[in-house]
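Please look at the sequence and the structure before reading on.

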Amino acid sequence: MRDHEELKELLESIRFVYGYDFTEYAEASIKRRVHHFMNINNISSIKDLGRVLLKDETAFERFVQEVTVNVTEMFRDPPFYKSLRENVIPRLATYPFIKIWVAGSSTGEEVYSLAILLKESGLLERSVIYATDINQRSLQMAKEGVYHLKNMKRYTSNYIKAGGQQSFSDYYMAKYESALLDRSLRQNIVFSVHNLAVDKSFNEFQMILCRNVLIYFNQQLQSNVIDLFHESLCPLGFLALGNKESLLFANSRGQFGDVDRREKIFIKTG
Amino acid sequence: MRYEAVVIGVSAGGLAALSGILQELPANYPLPVIVIQHRSKDQRTLLEEVMQARCRMRVKQADEKEKIEGGVVYFAPADYHLLIEKDRSFSLSCEEPVNFSRPSVDLLFETASEVYENKLIGVILTGSNSDGAAGIQAIKARGGLTIAQDPGNALFPAMPQAAINTGSVYSVLTVEEIKNFLLEIAKKLS
């Protein structure tokens, strides 16, 4: 219990000093990740951790990298991308100009997957993808678009299951242990820092993808973020969440309809 | 009796062991039974369907932020960690695999032990890795009851053996004995 109070206090001070708000993150996971950060840095108490983080901004940056989850892959959940291709892309194609927000883009794998999907549908040139994340370092990696070559086998299999139409190897160049993604995919992607817990809407979009981000938030923050998405979507805009996420806790849940209930793709109806 | 939840970790060879334990628990079994069964990440709900056909208790996949209730068998979704929050609800996480496993038995057991403390029963069944060993230690450290399937009775003995090797397992039982024990607990609760 004391642990709980100390952690809460630490997160409050971080919010006060740096403007990063982790106070409404789901506690079991953030607590574990904070303890993990303490272990690898030989910090023995939350109080000591507070002293380090509040004084040393570089330590705080490392802290943000550790406590935010940056695990992702290309075409993660292939049936989801298949559904996007079949149920959403044809409707996006009716817009002269397509704006998409990938919120919580992490190291970029899902952003590039989406870019590939748009390219194969002939829509990439009239689309802009805004990829945002709280974590600067992840954004930097996303911008570079360089991934481990050893992952490409899995991504190729995901791509095929997702209904890919080309040879996946056309989209990257292998060099030593790395795969450099085709630069042309990046042309219409804008990478920037955005913090879902505190920042506001910054544009109007035809589609918002936010997959496996809400699970780290408590119900209140989930609801606020979905309201933010609602406000940022055009009428009949699409919202895509992670496989196990839902609109259940959102005030605005009644203003969305189902496009694909299983793949968690919604449409703004109100 | 004081117990409030049962957590089970199981990997290779799990279906038979789980069926043996769960199929005779009555529909109104007073405790929640929360299970990590390692499985392929493409397999979304087959396990729940198969187990529901065999069990009298309600069987479902744990949902994000769902309140935990007695009389229900919850399975962790494929490719997500399952954690328990202080208010006795679930949360999910995609963070890195722990012991090459996602979901990880250790993660569930550790977070469950923090919430249920000495009112928790932790069970490790058949499997060919060592996931759950650290989790069993966490449960023991908080006064919970720890059980491992008898490795001689397990299709894959490595996982229960790893738990036993920590020295934190209170009893080593066969599937049949684990089932009887869980039934016994329920009688004492009512």
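## Terms and basis

Two residues are in contact if their C-beta atoms, placed from the backbone, lie within 7 Å. Helices (H or I, at least four residues) and strands (E, at least two) are DSSP runs, numbered from the N terminus. The model is predicted, and local features need pLDDT of at least 70, side-chain atom pairs count only at pLDDT 80 or more, while totals for chains, interfaces and linings use all residues. Residues are numbered from 1 along each chain as its sequence is written, and chains are lettered from A and ligands numbered from 1 in the order in which they are written.

## The sheet of chain A

Chain A holds an open sheet of seven strands with mixed pairing, in the order S6-S2-S1-S7-S8-S10-S9, where two strands pair if DSSP finds at least two bridges between them. Its edge strands are S6(A) (189-193) and S9(A) (256-260), each of which pairs on one side only. From one strand to the next the twist averages 20 degrees.

Strand S1(A), residues 98-103, is mostly covered, with five of its six residues buried; a residue counts as buried if 20 or more other C-beta atoms lie within 10 Å of its own, as exposed if 12 or fewer do, and as partly exposed in between, with C-beta atoms placed from the backbone. S1(A) runs parallel to S2(A), to which six bridges join it, and Ala103(A) stands opposite Thr132(A) of S2(A). S1(A), helix H6(A) (residues 109-120) and S2(A) make a right-handed β-α-β unit, a crossover being right-handed if, with the strands pointing away from the viewer, the path from the first strand over the helix to the second runs clockwise.

S1(A) also pairs with S7(A) in the parallel sense, over three bridges, and here Trp101(A) stands opposite Ile208(A). Ile208(A) in turn stands opposite Leu239(A) in S8(A), and five bridges join S7(A) (residues 205-210) to S8(A) (residues 233-241), which run parallel. Helix H7(A), residues 136-144, lies across S2(A) (127-133) and S6(A), running at about 165 degrees to S6(A); axes are lines fitted to C-alpha atoms, for helices over the stretch in contact, and angles run from 0 to 180 degrees between N-to-C directions.

## Where chain B touches chain A

In the contact between the chains, 15 residues of chain B meet 14 residues of chain A. Strands S5(B) (81-84) and S6(B) (90-93) each supply at least two residues of the side of chain B that touches chain A, and S6(B) gives the most, with three residues. That side of chain B divides into six nonpolar, three polar and six charged residues, where Ala, Val, Leu, Ile, Met, Phe, Trp, Tyr, Cys and Pro count as nonpolar, Asp, Glu, Lys and Arg as charged, and the others, Gly among them, as polar.

## Helix H3 of chain B

At 1.5 Å a residue, the 12 residues of H3(B) (105-116) should span 16 Å, and the end C-alpha atoms are 16 Å apart, which agrees; the expected span is 1.5 Å times one less than the number of residues. After H3(B) comes Glu117(B), whose phi is positive, near 45 degrees.

Why is S8(B) (residues 145-149) described as largely enclosed by the rest of the structure? Five of its five residues are buried, so S8(B) is largely enclosed. Leu145(B), Ile147(B) and Gln149(B) point one way from S8(B), and Thr146(B) and Ala148(B) the other way. In a regular strand the side chains alternate between the two faces of the sheet.

Four bridges join S7(B) (residues 120-124) to S8(B), the two running parallel, with Thr146(B) as the bridge partner of Gly122(B). From S7(B) the chain crosses through H4(B) (residues 133-141) to S8(B) in a right-handed β-α-β crossover. S8(B) and S9(B) (residues 171-173) pair in the parallel sense over three bridges, and Gln149(B) has Leu173(B) as its bridge partner. The crossover from S8(B) through H5(B) (residues 158-165) to S9(B) is right-handed.

Six of the eight residues of H5(B) are buried, so H5(B) is largely enclosed by the rest of the structure. What covers the buried residues of H5(B) includes S7(B), H4(B), S8(B) and S9(B). H5(B) is followed by Gly167(B), whose phi is positive, near 80 degrees.
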